Amino acid sequence: MPLSTLCLRCGLCCDGTLFTHVPLRPDEVAPLKALGLPVREREDGRPVLPQRCAALDGRRCTAYAERPEGCRRYHCQLFSALSEGEVSLEEALSVVDGAHALLATAGEARGPEVEDYLDRHFRGRHRRYSAQ
Ligand code: SF4
């Protein structure tokens, strides 16, 4: 299926590239801990799942059936564009490959052009911010 093909080629929403954490509901904490996943607290006491997610194996979520609501609800810009037929799978995969190439070249010193690319194609209104 094209959408899962896209996500399995990407992984950027779970590997710490796009976000620092996933917000959790209080009732999601115990099930995630039972899976062996680390849960942290923000300064305001709200629980979060830090990213890079410990459930990620390569670019695949190993907790997919039990992933928290924040993961279920999140669709990146590119996913939405593909699901609505605004871009083809080939175009979407090219954007993903472009992101990985930019990130590999930039290393730890990601400049504004990389962040702009990530904002434009993936984050949209979901801007990166720190959990702490
Ligand atoms: S639980 Fe799965 S979908 Fe959610 S951040 Fe972790 S790897 Fe991604």
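How many positive and negative side chains does the protein have, and how far apart do the centres of the two sets lie? In this predicted model, the protein carries 18 positive and 19 negative side chains, and the centres of these two sets lie 3 Å apart.

**Overall fold**

The protein is built from 6 helices and 5 strands, and from the N terminus on these elements follow the order α-β-α-β-β-β-β-α-α-α-α. The radius of gyration is 15 Å, close to the 14 Å that the globule rule gives for 132 residues, so the protein is as compact as a globular protein of that length. Among the contacts with a separation of 6 or more, 67% are made by residues 24 or more positions apart. The table gathers values that describe the chain as a whole.

| Property of the protein | Value |
|---|---|
| Span of the C-alpha trace along the principal axes | about 40 × 35 × 25 Å |
| Share of the 132 residues that are buried | 39% |

Helix H6 covers residues 112-123, and whereas a straight helix of 12 residues would span 16 Å at 1.5 Å a residue, H6 spans only 14 Å between its end C-alpha atoms. Its buried residues are Val114, Tyr117, Leu118, Asp119, His121, Phe122 and Arg123, and what covers them includes helix H1 (2-10), helix H4 (77-83) and helix H5 (89-106). As background to such a list, an α-helix has 3.6 residues a turn, so residues three or four places apart point the same way.

**Two backbone features**

Most residues other than glycine have a negative phi, and most peptide bonds are trans. Just after H6, glycine 124 takes a positive phi of about 60 degrees. Elsewhere in the chain, glutamine 51 and arginine 52 are joined by a cis peptide bond, with an omega of about 10 degrees, and arginine 52 lies in the loop between strand S3 (47-50) and strand S4 (56-57).

Notes: Residues are numbered from 1 along each chain as its sequence is written. This is a predicted model: local features need pLDDT of at least 70, side-chain atom pairs count only at pLDDT 80 or more; totals for chains, interfaces and linings use all residues. Side-chain values use heavy atoms; hydrogens and water are left out. Helices (H or I, at least four residues) and strands (E, at least two) are DSSP runs, numbered from the N terminus. The radius of gyration is taken over C-alpha atoms; the globule rule is 2.2 Å times the number of residues to the power 0.38. Buried means under 20% relative accessible area, exposed over 50%, partly exposed in between (1.4 Å probe, protein chains only). Contact means heavy atoms within 4.5 Å. Lys and Arg count as positive and Asp and Glu as negative; His and the chain ends are not counted. The place of a charge is taken as NZ of Lys, CZ of Arg, CG of Asp or CD of Glu. The expected span of a helix is 1.5 Å times one less than its number of residues.
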